[in-house]
Amino acid sequence: MGTLIPPFTRDSAIKKVRMAEDSWNSRDPHRVSLVYTEDSYWRNRTEFPIGRKEIVSLLTSKWARELDYRLIKELWSFTDDRIAVRFAYEWHDDSGNWFRSYGNENWEFADNGLMKRRFASINDMPISQDGRKFHWPLGRRPDDHPGLTELGL
């Protein structure tokens, strides 16, 4: 995965957000961890991992619980070295109960383009199977699949 470095433009921020979405949709904790600095600091719900090893651990347990995970991220705002996104993802638990998780993330980047800080606020909403909106095959969201705004989310 190529690295986009600060300072960000609107176009480079949009590309950075899509790269993050694609990476997370891989559901590969090791791949995802490589876009963060070695000492990256997170706030993810009630967890505060520091560094790639703890990020991999958090993501491994996350995707063991959140099955058939599909994510859409959208740029909200950006500055030279920071990007704010909103996102939604759909998943089900091991009992077949579906959820849509909504949230916002604030990202801060090092000069080399790796993310050094990530602050996420996330809320889960139960949904029915019929209420799902993310229907692409597992993996990268197809370019022609609607984004959050187009889906009314």
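A cavity is a set of grid points where a 1.4 Å probe fits but cannot get out, and its lining residues have an atom within 4 Å of such a point. This report applies that idea to a predicted model, beginning with the sheet that contributes to the lining.

**The sheet**

Five strands form an open sheet in the order β1-β5-β4-β3-β2, and the pairing within this sheet is mixed. Its edge strands are β1 (36–44) and β2 (67–78), each of which pairs on one side only. From one strand to the next, the twist averages 25 degrees.

| Strands | Direction | Bridges | Residue pair |
|---|---|---|---|
| β2 and β3 | antiparallel | 9 bridges | Glu74 and Arg86 |

In the hairpin of β3 and β4, 5 residues lie between the strands, and Gly96 takes a positive phi near 85 degrees. The hairpin of β4 and β5 also has 5 residues between the strands, and there Gly113 takes a positive phi near 90 degrees.

Why is β4 described as largely enclosed by the rest of the structure? The reason lies in the burial of its residues: 9 of the 12 are buried, where buried means under 20% relative accessible area.

**The helices across the sheet**

Helix α1 (residues 10–25) lies across β1, β2, β3, β4 (98–109) and β5 (115–127). Relative to β2, helix α1 runs at about 165 degrees. Helix α3 (residues 52–65) lies across β1, β2 and β3, and its direction is at about 50 degrees to β1.

**The cavity**

The structure holds 1 cavity of 30 Å³ or more. The largest cavity has a volume of about 60 Å³. In general, rolling a probe the size of a water molecule over the atoms shows where empty space is left.

Which residues line the largest cavity? They are Trp24, Asn44, Lys62, Tyr69, Leu71, Lys73, Phe87, Tyr89, Glu105, Arg118 and Ile122. The elements that give two or more residues to this lining are β2, β3 and β5. The largest share, 3 residues, comes from β2.

His92 is placed in strand β3. Is His92 buried or exposed? His92 has a relative accessibility of 14% and therefore counts as buried, because the limit for a buried residue is under 20%. The side chain of His92 makes a polar contact with the side chain of Asp68, at 2.7 Å. Leaving aside neighbours within four places in sequence, His92 is in contact with Arg65, Glu66, Leu67, Asp68, Asn97 and Trp98.

Asn97, one of these contacts of His92, is located in the loop between β3 and β4. With a relative accessibility of 39%, Asn97 counts as partly exposed, because this value falls between the limits of 20% and 50%. Apart from neighbours within four places in sequence, Asn97 is in contact with Trp91 and His92. Asn97 and Ile72 are 25 residues apart along the chain, and their C-alpha atoms are separated by 20 Å.

Key
Residues are numbered from 1 along each chain as its sequence is written. This is a predicted model: local features need pLDDT of at least 70, side-chain atom pairs count only at pLDDT 80 or more; totals for chains, interfaces and linings use all residues. Side-chain values use heavy atoms; hydrogens and water are left out. Two strands pair if DSSP finds at least two bridges between them. Helices (H or I, at least four residues) and strands (E, at least two) are DSSP runs, numbered from the N terminus. Axes are lines fitted to C-alpha atoms, for helices over the stretch in contact, and angles run from 0 to 180 degrees between N-to-C directions. Contact means heavy atoms within 4.5 Å. Buried means under 20% relative accessible area, exposed over 50%, partly exposed in between (1.4 Å probe, protein chains only). A polar contact is a pair of N or O atoms within 3.5 Å; within protein, one must be able to donate a hydrogen and the other to accept it, and residues adjacent in sequence count only if both atoms are side-chain atoms. On a 1 Å grid over the protein atoms alone, a cavity is a set of points where a 1.4 Å probe fits but cannot get out, and a pocket is an open set with protein on both sides within 12 Å along at least five of seven lines; lining residues have an atom within 4 Å of a point. Grid points are joined across faces, edges and corners, and a volume is the space filled by probe spheres set on the points.
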